[in-house]
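Reader: Hi! Could you walk me through this one?
Author: Happy to. Here it is.

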Amino acid sequence: MKCAKILVLLAMVMAMALAITISAAEASRDESFLGNKEGSEVADSSEISSSEDEAPISLRGTNRFLPQKYRAKMTCNNYPRVCHIRGSPGPDCCKKKCVNVLIDRLNCGMCGKKCKYPEICCKGRCVNPLSDRRHCGSCSNKCNKGSFCVYGMCSYA
């Protein structure tokens, strides 16, 4: 009888240790899913979900062994359609960010193609608005026939 009590007590201790181990593993898995580990990248402001939208997690009334439900951040590398919603910066996905390759200086025409310092991106091409007659001062601002683009203005002199 005494041996049975010891076995039951040992089984309860083992079950509690197993439950604690499982909950710790779930917590570390959830942290790695959200990217909260040390040395991970900081979330960009261009991502759709933000921590301001989420309610603070409270342990009151919940069991600490049950995993908490986290809301995954939607980036365009996993969900390409997120770039097509209203309010998105552009329909193309470059390095986990939604961009418009027709006007973005850092991704002009294709991802990673950067325009030089004085250039801007017009219709997917890098142009110099200070001297280009077809894009004088801004995109698609054409100078009249016979005039030149100087310092971003048509017929400056």
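Reader: Is the link of C143 and C154 left-handed or right-handed about the S-S bond?
Author: The link of C143 and C154 is left-handed, with -85 degrees about the S-S bond. Keep in mind that this is a predicted model: local features need pLDDT of at least 70, side-chain atom pairs count only at pLDDT 80 or more, and totals for chains, interfaces and linings use all residues. Residues are numbered from 1 along each chain as its sequence is written, and side-chain values use heavy atoms, with hydrogens and water left out.

Reader: Thanks! What is a disulfide, anyway?
Author: A disulfide is a covalent bond between the sulfur atoms of two cysteines. Here, a pair of cysteine sulfur atoms within 2.5 Å counts as one. For C143 and C154, the S to S distance is 2.1 Å.

Reader: Where do C143 and C154 sit?
Author: C143 is in the loop between strand 4 and strand 5, while C154 is in strand 6 (residues 153–154), so the pair links distant parts of the chain, eleven residues apart. Strands are DSSP runs (E, at least two residues), numbered from the N terminus.

Reader: Is C143 buried or exposed?
Author: C143 is buried, with a relative accessible area of 11%. Buried means under 20% relative accessible area, exposed over 50%, and partly exposed in between (1.4 Å probe, protein chains only). C154, at 32%, is partly exposed.

Reader: How many disulfides does a search of the whole structure find?
Author: The search finds eight. One of them joins C108 and C121, with sulfur atoms 2.2 Å apart. That link is right-handed, with 85 degrees about the S-S bond. C108 lies in the loop between strand 2 (97–99) and strand 3 (120–122) and C121 in strand 3, so the pair ties together parts 13 residues apart in sequence. Both C108 and C121 are buried.

Reader: And what about C122 and C139, how far apart are their sulfur atoms?
Author: They are 2.0 Å apart, in a disulfide. The torsion about the S-S bond is about -85 degrees, so this disulfide is left-handed. C122 is in strand 3 and C139 in the loop between strand 4 (125–127) and strand 5 (149–150), 17 residues apart. C122 is buried at 2% relative accessible area, whereas C139 is partly exposed at 34%.

Reader: New topic: where does R125 lie?
Author: R125 lies in strand 4. At 44% relative accessible area, R125 is partly exposed.

Note on methods
Helix = DSSP H or I, 4+ residues; strand = E, 2+ residues; numbered from the N terminus.
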